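Here is a short report on how the parts of one protein model meet. Have the sequence and the structure open as you read.

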Amino acid sequence: MTVLLRPKPLGDDKLREFRMLIAGQWVAGTEGRTIERVAPGHGVVVSCYQAATKVDAERAIAAARRAFDNGPWPRMTASERSLVLLRAADMIAGRADELAFLDAIESGKPISQAKGELAGAADIWRYAAALARDLSGESYNTLGEGTLGVVLREAIGVVSIITPWNFPFLIVSQKLPFALAAGCTTVVKPSELTSASTLVLGEILEAAGVPAGVVNIIVGTGPEVGAPLSSHPDIDMVSFTGSTGVGRLTMANAAQTLKKVSLELGGKNPQIVFPDANLDEFIDAAVFGAYFNAGECCNAGSRLILHRDIAEEVTARIAALSAKVKVGDPLDPETQVGAIITPQHLEKIAGYVSAAAGEGAAVSHGGAALDLGMGQFMAPTILSAVRPDMAVAREEVFGPVLSVLTFETTEEAIRIANSIDYGLSAGVWSRDFDTCLTIGRRVRVGTVWMNTFMDGASELPFGGYRQSGLGRELGRHAVEDYTETKTLNMHIGQRTNWWMPR
C-alpha cells in the first residue's frame, strides 16, 4: 500500500492509500479512480481509497460466490470457524488504538468513545465465535415408526453487508462475524466516508486465517456499488444499516430476486419521565443519550417526553449540564462531542433547529453551529415547547438536538411515543415498577430501557419496529439469521404403496 504524507495537525506523518480486497488480493479499481476523505474535525485529507465501480462489485460478488460454492469455509467444522473468529477478536483488541484512531479522524467521533467501541466490537467477535459452535438443527422421532424427520441449518450463502459512517467498526462487527460463524461468504461495503477501519479489518481476517474470497471489501457510493450488492442474483442476503430512505431502496432492489433482507434503520427514540423518577440519574442519561456520538446515532434519545409537573425544572437542569459538555477536537481524550460528519449534514441539522424555532419551539440551549477554527461542529442544543406534530419531533435529525415534549397522563405519554413512524428504542424513568412495565409493554419499539439509557450487551438482540427496520442483530439467535432451514424427511423400512395398488 502506498505511503503518502498526512497533512497536519494530525501528528502522524504517514497516510496509507487503501486498496480493495477481492478474492484475497488487494487490488485497484477498474477505472483507477480514488476517493479522498477530509477529516470532519480537522478539515484536512486523512484517507484515500480506490473507488469501486459496478464492475468491481460484480468481481467481488463472483469471488464470494466461488468461495461459497467451492471453497473450504462453509465446509469447515464449527470449531474450526470459531477458532478463526477468536484469533480475529484477539487481533482486533491488539490493534484497537490504530482502529480507534482511524474511526475518530474519519467520522469525527471522540477518540475515547472510539476506543470504547473497539472494546465492544472485540467482545462481539468472541460472542459470535461461541455461537458458531452452538448452531444446531432439530430432529423429530415422533412421526411414527416409518418416519424420521431432521431439520438442518445451512449457511444462507453469499451475504452483502452495507454499513454506515456513524459507527464504522462497531456496526460491521454486529454483522460480519455472525455471517462468518454460519459459514457464509461476504461482500462488505463500508461507507465511503469511513472505510479505513473496515479495510484494516480485512487485513486482520487474512492474518487470522479466513480463506481468500470469503470476505471481500469494496469502497464506493450507494448508487454505483450499493445497488448491485442489493440486487445481484448471486447475492443470497443483504444486511444493511443506514437511513430509512436508503433502506427502502435496498428492500426494493432486493425484491427483484426475492432475497432475504435485514435492515437496521432510523429512530426517533423517546425517554418518558415521571415525577417520581430519580432525576439526578435521568438528567445525566438525557445528556448522554442526546449528545453521544454528536447525536449521529439511530439510538439517540432525541425526544424527551416529560411529565408537565417536572418539565420546567428538568429542562433547566439539562441545559445547565449541557453547558459543561466539551465540544472539540476528536483526538483530544477529554472531548465528549466531536465533529459533524460533513458540512452538508451540519447544514441539515441547523435547518431542523431553525424550522422548529419558526414553528414556536424555544431554544433553551445552543441552537447554532460552532466555529472552532477547524472542521464543522454543532452546539449541543435543547428545543423546548415542542409539539408532537413538528418535524423536529417526528423526523430523525441525526445531530446533537434534544426535543422536549410534555404529558399529563400515562396514556398520553404512550400515545406521543407511538405517534411516529419509527420504533427502534425508548426509555422510561420511574421508581414504580408497574409504571415502567406498562410503558415497556405498550411502547412499540425493539428495546426499552428502564431507569437507564443506551446500555447494551452482545447477548441482547437489537433492532426495531415499523420503519426502524426488519430483523434483529446480536443475541443468541444472531447466527441463525444467516442460515436457511432444510427438512430431511426419511422413510424407514418398507414403504406402503398408497398411490397405485400393485
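Side chains of opposite charge can pair when their charged atoms come close.

The model is predicted. The count of salt bridges comes to 19. Between domain 1 and domain 2, however, the count is 0.

## Two domains

The protein chain is divided into two domains. Domain 1 takes in 9-265 + 468-486. Domain 2 covers 270-450. Their C-alpha centres lie 31 Å apart.

## The contact between the domains

On the domain 1 side, 28 residues are in contact with domain 2. Domain 2 contributes 28 residues in turn. The size of an interface is often given as the accessible area lost when the parts come together. Here the two domains bury about 2,000 Å² between them. Carbon and sulfur atoms carry 61% of that area. Pro40, Trp165 and Ser468 supply 25% of what domain 1 buries against domain 2, more than any other three residues.

Two elements of domain 1 give two or more residues to the side that touches domain 2: helix H3 (96-107) and helix H4 (111-132). The largest share, 5 residues, comes from H3. By class, this side of domain 1 has 11 nonpolar, 11 polar and 6 charged residues.

## An aromatic pair

The whole structure holds 8 aromatic pairs. One of them joins Phe167 and Phe292. A pair of aromatic rings is described by the distance of the centres and the angle of the planes. For Phe167 and Phe292 these are 6.0 Å and 25°, and the pair is stacked.

Which parts does the pair tie together? Phe167 lies in the loop between strand S9 (158-162) and helix H5 (168-173). Phe292 lies in the loop between helix H10 (279-291) and strand S15 (303-307). The pair therefore ties together parts that are 125 residues apart in sequence.

Conventions: Residues numbered from 1 in each chain as written. Predicted model: local features only at pLDDT ≥ 70, side-chain atom pairs only at ≥ 80, totals over all residues. Heavy atoms only, no water. Domains from an automatic or database assignment. Contact = heavy atoms within 4.5 Å. Buried area = accessible area lost by both parts, 1.4 Å probe. Salt bridge = Lys/Arg side-chain N within 4 Å of Asp/Glu carboxyl O. Helix = DSSP H or I, 4+ residues; strand = E, 2+ residues; numbered from the N terminus. Nonpolar A, V, L, I, M, F, W, Y, C, P; charged D, E, K, R; others polar. Phe/Tyr/Trp six-rings, centres within 6.5 Å; stacked < 30°, edge-to-face > 60°.
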